[in-house]
Amino acid sequence: MVTAVHSLPAARAVRVRHLGPNWYAAVMGTSVVGTAGAALPVHLGALRGLCTAVWALASLVLAVLLTARARHWAHHRDQARAHLLDPAMAPFYGCLSMALLAVGGGAVTVGRDWIGTGPAVALDTVLFTAGTAIGLTAAVAVPYLMTVRHRVEPSDATPVWLLPLVAPMVSAALGPLLVPHLPPGQPRETLLLACLALFGVSLLATLLMLPLVFARLITSGPLPLALTPTLFLVLGPLGQSTTALGLIADDAPGVVPAPYARGLDVFAVLYGVPVMGFALLWLVLAAVHVVRARRRGMGFAMTWWAFTFPVGTCVTGAAALARHTGLAGYEALAVGLYAMLVTAWLAASAGTVRGMLSGELLAGPSPAPAAPRPATVRTR
């Protein structure tokens with residue numbers, strides 16, 4: 001009996017041995033359903049309450065994952081180190097930053113309806129600070145590991161490589177939510193310009209990495225079936241950068257000098273319109289690849305969460321352009337993309353729940369089949 005009791009913690013620890021940082025994508029994808037819904041230019045009576053409920057679910061999932069990942073590092077440090085040294089898994093450490101930032105931003109956007117403005121701002125302050133610090137660390141550490149420890153070839157490039165580089169852009173997009181809650185003057189201007197600097201950090205790093213991803217597609221052909229959904233990750237920096245500039249421009253009046261405030265408003269449109277145009281082009285390209293992969297037998301994998309957060313950033317980006325241009329076309333685009341986001345979230349959530357109940361998602365990789373023994377041939 002005593003042995004059985006002592007074996008329970010060990011059994012629980014074994015369940016999280018193969019729990020990688022990619023699971024934070026589920027938090028990101030869930031949280032953005034709430035924040036993107038709140039950003040829509042149309043207002044439906046029950047939508048805000050549903051968005052708040054989805055944010056609460058994302059907060060719960062984040063708390064569970066943080067606990068499980070802490071157990072993972074405590075009991076399976078060898079596996080955690082292996083993740084860092086795996087070029088296919090290490091970039092997902094950027095998802096931890098974005099999960100913290102997404103839940104924090106959601107607290108101010110919709111969570112305040114349930115927990116109050118004061119607690120929401122306090123929660124966002126903590127999560128924004130932690131998420132930004134982790135994101136900047138990942139943006140340096142992961143490329144460093146890729147250059148000195150990982151051994152990758154041009155044909156290994158995938159959109160997953162963008163993940164640690166997008167994290168600072170999420171900070172740039174969500175930092176402006178805290179600006180009105182700071183004292184006027186230097187504190188507000190400092191945070192707003194820091195968000196603009198984070199925008200530059202992520203944008204320039206993405207512009208260096210994205211050509212590698214596109215060149216890999218052109219020269220080496222389509223991605224493996226399970227990785228095909230990651231093509232949607234390219235939408236992340238496109239939609240999030242448009243969102244970031246829109247929110248920075250919203251807060252600029254009265255925070256930065258008038259000429260710069262006006263310039264930021266112009267820049268938000270001059271940058272956002274062509275970038276969102278390219279995002280729509282990439283959306284169609286990625287969707288065609290997914291249809292092709294689906295016809296060839298692509299099943300559910302955690303990469304399906306790539307359908308959610310990047311599309312959500314395009315929703316908020318289109319909503320920002322709708323505010324700054326007044327065009328009904330961007331309003332319709334935001335609503336259409338949000339419908340796509342909700343559909344993708346339902347599919348990814350259903351697949352994740354099924355995979356957890358069956359145990360497939362938390363199981364280790366299947367061992368390679370043993371090589372057949374060489375046949376013995378008698379000769380005369």
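Thr-30 counts as buried, because its relative accessibility is 6% and the cut-off for buried is under 20%. The model discussed here is a predicted one. Thr-30 sits in helix α2, which covers residues 24-39. Leaving out residues up to four places away in sequence, Thr-30 touches Val-54, Leu-57, Ala-58, Trp-305 and Trp-345.

One of these contacts of Thr-30 is Leu-57, a residue of helix α3. Helix α3 runs over residues 47-75. Is Leu-57 buried, partly exposed or exposed? Leu-57 has 38% relative accessibility and therefore counts as partly exposed. On the surface, Leu-57 forms a nonpolar patch with Leu-60 and Val-64. Together, the three residues of this patch have about 270 Å² of accessible area.

**Packing of α3 and α4**

Two packed helices are described by the angle between their axes and the distance between the axes. How do α3 and α4 pack? The angle between α3 and helix α4 (residues 77-84) is about 105°, and their axes are 5 Å apart. The two helices α3 and α4 are therefore roughly perpendicular, because angles of 65 to 115 degrees are counted that way. On the α3 side, the residues that meet α4 are Arg-69, His-72, Trp-73, Ala-74 and His-75. On the α4 side, they are Arg-77, Gln-79, Ala-80, His-83 and Leu-84.

**Salt bridges**

Side chains of opposite charge can pair when their charged atoms come close. How many salt bridges are counted in this model? The count comes to three.

| Pair | N to O distance |
|---|---|
| Asp-113 and Arg-48 | 2.6 Å |
| Arg-323 and Asp-250 | 2.7 Å |
| Arg-262 and Asp-265 | 3.0 Å |

Asp-113 forms a salt bridge with Arg-48. This pair links distant parts of the chain, with Asp-113 in helix α5 (residues 93-115) and Arg-48 in helix α3, 65 residues apart. Asp-113 is partly exposed, as its relative accessible area is 38%. Arg-48 also counts as partly exposed, at 31% relative accessibility.

The side chains of Arg-323 and Asp-250 meet in a salt bridge. This pair, too, links distant parts of the chain: Arg-323 belongs to helix α11 (residues 309-325) and Asp-250 to helix α9 (residues 235-251), and they are 73 residues apart. Arg-323 is partly exposed, with a relative accessible area of 44%. For Asp-250, the relative accessible area is 34%, so this residue is partly exposed.

Arg-262 and Asp-265 also meet in a salt bridge through their side chains. How far apart are Arg-262 and Asp-265 in helix α10? Because they are three residues apart in helix α10 (residues 258-295), about one helical turn separates them. Arg-262 counts as exposed, with 54% relative accessibility, whereas Asp-265 is partly exposed, with a relative accessible area of 23%.

**Other positions along the chain**

Helix α10 also holds Leu-270. Leu-270 is exposed, because its relative accessible area is 60% and exposed means over 50%. Leu-270 and Ala-25 are 245 residues apart along the chain, and their C-alpha atoms are separated by 31 Å.

Which residues does Leu-163 contact, leaving aside its neighbours within four places in sequence? Leu-163 is in contact with Pro-91, Phe-92, Gly-94, Cys-95, Met-98 and Leu-233. The place of Leu-163 is in helix α7. At 7% relative accessibility, Leu-163 counts as buried. Leu-163 and one of its contacts, Pro-91, are 72 residues apart along the chain, while 5.8 Å separates their C-alpha atoms.

Pro-180 lies in the loop between α7 (163-174) and α8 (186-220). Pro-180 has 45% relative accessibility, so this residue counts as partly exposed. Not counting residues up to four places away in sequence, Pro-180 touches Arg-188 and Asp-251. Between Pro-180 and Ala-56 there are 124 residues of separation in sequence and 23 Å in space, taken from C-alpha to C-alpha.

Methods:
Residues are numbered from 1 along each chain as its sequence is written. This is a predicted model: local features need pLDDT of at least 70, side-chain atom pairs count only at pLDDT 80 or more; totals for chains, interfaces and linings use all residues. Side-chain values use heavy atoms; hydrogens and water are left out. Patches are made of residues with over 30% relative accessible area and no salt bridge: like charges are joined within 9 Å, nonpolar side chains (Val, Leu, Ile, Met, Phe, Trp, Tyr) within 5 Å. Accessible areas come from the Shrake-Rupley method with a 1.4 Å probe; for residues, only the protein chains shown count as cover. A salt bridge is a side-chain nitrogen of Lys or Arg within 4 Å of a carboxyl oxygen of Asp or Glu. Helices (H or I, at least four residues) and strands (E, at least two) are DSSP runs, numbered from the N terminus. Buried means under 20% relative accessible area, exposed over 50%, partly exposed in between (1.4 Å probe, protein chains only). Axes are lines fitted to C-alpha atoms, for helices over the stretch in contact, and angles run from 0 to 180 degrees between N-to-C directions. Angles under 35 degrees count as roughly parallel, over 145 as roughly antiparallel, 65 to 115 as roughly perpendicular and the rest as oblique. Contact means heavy atoms within 4.5 Å.
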